[in-house]
Amino acid sequence: MTAVAALPAFAADGEGILQRTITWFNDPLNYRGPNGVAALTVEHLWITFAAVVLACAVALPVGIWMGHRGRGGTLVVVVSNLSRAIPTLALLTIFAVGDLGFGNRPTILALAIFAIPPLLANAFVGVSQVDPDARDAARGMGMSGWQVLRDVELPLAVPLVAAGLRTAVVQVCATASLAALVAGGGLGVLINLGFGQRRFDEVLAGGLLIAVLCLVLELVMATVQRAVTPQALRRGRLVT
Amino acid sequence: MVVGAVSAADQPPNPWFSLQFARENTSAIVAALQEHVLLTVVAVVVASVIAFPLAVLAARRPRLAGPVLGVSGVLYTIPSLALFAILAPFTGATRTTVLIGLVLYALLVLVRNTLVGLQSVPDDVIDAARGMGYGPGRMLWQVELPVALPAIMTGVRVATVSTVALVTVGVIVGYGGLGQLLLAGFQNNFYRAEIMTSTVLTVALALVLDLVLLVITRAFTPWARRSAS
């Protein structure tokens with residue numbers, strides 16, 4: 001390729017890069033230690049888990065309540081549109097240099113903010129778009145507002161809430177790789193270190209590991225989403 | 001702050017906003033902004049040119065729609081940093097690497113929206129046009145495209161805004177537009193003004209481009225405004 005030819009340093013690298021990446025994957029040393037694949041994967045998953053739990057704690061109650069009241073749709077749209085315009089890298093950097101301290105705490109907080117829009121939107125849409133007839137029937141049976149929410153609206157909203165959770169988990173896992181650029185942990189460390197030391201077998205290995213981790217997580221979450229969706233609702237359209 | 005004179009001198013204030021920074025670094029900021037706009041526009045234009053025929057093909061052959069959407073979904077799951085890392089050993093630390101990644105992500109959004117737009121053209125409309133003797137080419141340009149235009153333009157807007165945000169990740173191979181400033185501020189002793197300036201400019205750029213596309217959409221779809229009012 002012409003781009004490679006223009007950069008002699010990379011041209012040499014392009015030769016046998018696949019071979020060297022396979023060698024990298026076969027070296028047991030790359031899996032151990034604080035910057036080994038095992039520790040970094042665990043850290044990556046921990047960051048993802050913590051951020052999603054934090055986001056759920058904020059977004060689900062708010063989204064479900066707004067959906068129950070049938071208000072706040074505009075707010076949900078504004079939040080999701082705005083979040084698309086704010087670069088994750090920028091928010092990660094801002095939090096990293098803020099007063100939140102070092103380590104993974106700023107990363108988790110920044111990622112939690114990015115997990116809120118899909119959770120909020122799906123919880124809101126899930127609850128607010130419950131069939132009005134079902135709601136009326138529940139009311140007619142003498143259910144209180146709280147009972148309608150608990151016994152009718154929430155069970156019917158489960159597929160959409162689960163879809164939001166799936167989107168949030170996969171998105172956060174993907175974005176967590178950026179934390180390494182601002183001194184955070186996770187599998188992105190391999191890519192950042194690899195570029196710093198011009199070790200492109202490690203860069204490629206890191207990229208492949210993150211891609212596989214995200215795809216596996218997507219598969220796992222799709223299975224979870226299917227499992228928690230009541231049989232009767234499985235054929236319905238799912239918004240993802 | 002309750003610190004001694006010496007340590008206060010050691011640690012100058014590190015404000016989030018600084019006009020002085022913007023004044024003293026105008027040329028660097030403008031250069032980063034230009035790079036950012038260039039990468040975004042080229043990526044979205046190239047992606048649109050590729051996405052349109054793909055979506056038309058998928059709309060014409062429903063059997064292809066599943067695989068096209070499936071592949072795009074899988075690709076979209078791969079994080080941008082990982083994609084750049086996978087491309088870089090082959091295409092080098094070049095603008096090309098960033099552009100390939102950006103085009104791929106924009107492509108997925110555009111194909112989906114264009115396909116949805118084309119599929120949403122009512123069968124009655126197609127039948128009527130066919131009855132009037134429209135061939136496949138004229139049908140596409142004069143019937144399907146105009147009806148699908150709002151959905152297509154929504155896709156272009158989403159793709160543009162996401163691309164503006166994604167460009168910053170290009171910093172890993174040295175072509176991140178405003179992302180370069182962002183990370184430079186981080187590495188330059190956590191210089192907050194530099195970080196904040198590039199963040200605000202990135203968000204502003206996304207909003208401005210979105211607004212421009214909205215105005216263009218309105219200009220090209222006068223019937224949508226008429227039916228709305």
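Mentor: Let's start with A:D201, which is buried, at a relative accessible area of 10%; buried means under 20%, exposed means over 50%, and partly exposed is in between, with a 1.4 Å probe and protein chains only. Before going on, some bookkeeping: residues are numbered from 1 along each chain as its sequence is written, while chains are lettered from A and ligands numbered from 1 in the order in which they are written. Keep in mind that this is a predicted model, where local features need pLDDT of at least 70, side-chain atom pairs count only at pLDDT 80 or more, and totals for chains, interfaces and linings use all residues, with side-chain values using heavy atoms and leaving out hydrogens and water.

Back to A:D201: its side chain meets that of A:R199 in a salt bridge, 3.6 Å from N to O. That term takes a side-chain nitrogen of Lys or Arg within 4 Å of a carboxyl oxygen of Asp or Glu.

How many salt bridges turn up over all chains? The search finds nine. One of them joins A:E218 and A:R166, at 2.6 Å from N to O. Since A:E218 sits in helix α11 (residues 200-228) and A:R166 in helix α9 (residues 145-176) of chain A, this pair ties together parts 52 residues apart in sequence. Helices here are DSSP runs of H or I with at least four residues, strands are runs of E with at least two, and both are numbered from the N terminus.

Chain B has one too: B:E144 and B:R60 meet at 3.1 Å, N to O. This one links helix α8 (residues 136-167), which holds B:E144, to helix α3 (residues 26-60), which holds B:R60, and the two residues are 84 apart. B:E144 is buried at 7%, whereas B:R60 is partly exposed at 37%.

Now the rings. There are five aromatic pairs over all chains; Phe, Tyr and Trp (its six-membered ring) pair if their centres lie within 6.5 Å, and planes under 30 degrees apart are stacked, over 60 edge-to-face and the rest tilted. A:W24 and A:F25 are edge-to-face, with 5.5 Å between centres and 90° between planes. B:F52 and B:W141 make a tilted pair, because their planes are at 40°, with centres 6.1 Å apart. Helices α3 and α8 of chain B show up again here: B:F52 lies in α3 and B:W141 in α8, so this pair ties together parts 89 residues apart. B:W141 is exposed, at 55%.

What about the packing? The largest nonpolar core has 103 residues, and A:L181, A:I191, A:F195 and B:I172 have the most contacts inside it. Such a core is a set of buried Ala, Val, Leu, Ile, Met, Phe, Trp, Tyr and Cys residues joined through side-chain atoms within 4.5 Å. Leaving aside neighbours within four places in sequence, B:I172 is in contact (heavy atoms within 4.5 Å) with residues including A:L181, A:I191, A:F195 and B:F84.

Finally, 42 residues of chain A are in contact with 38 of chain B, yet the count of salt bridges between the two chains is zero.
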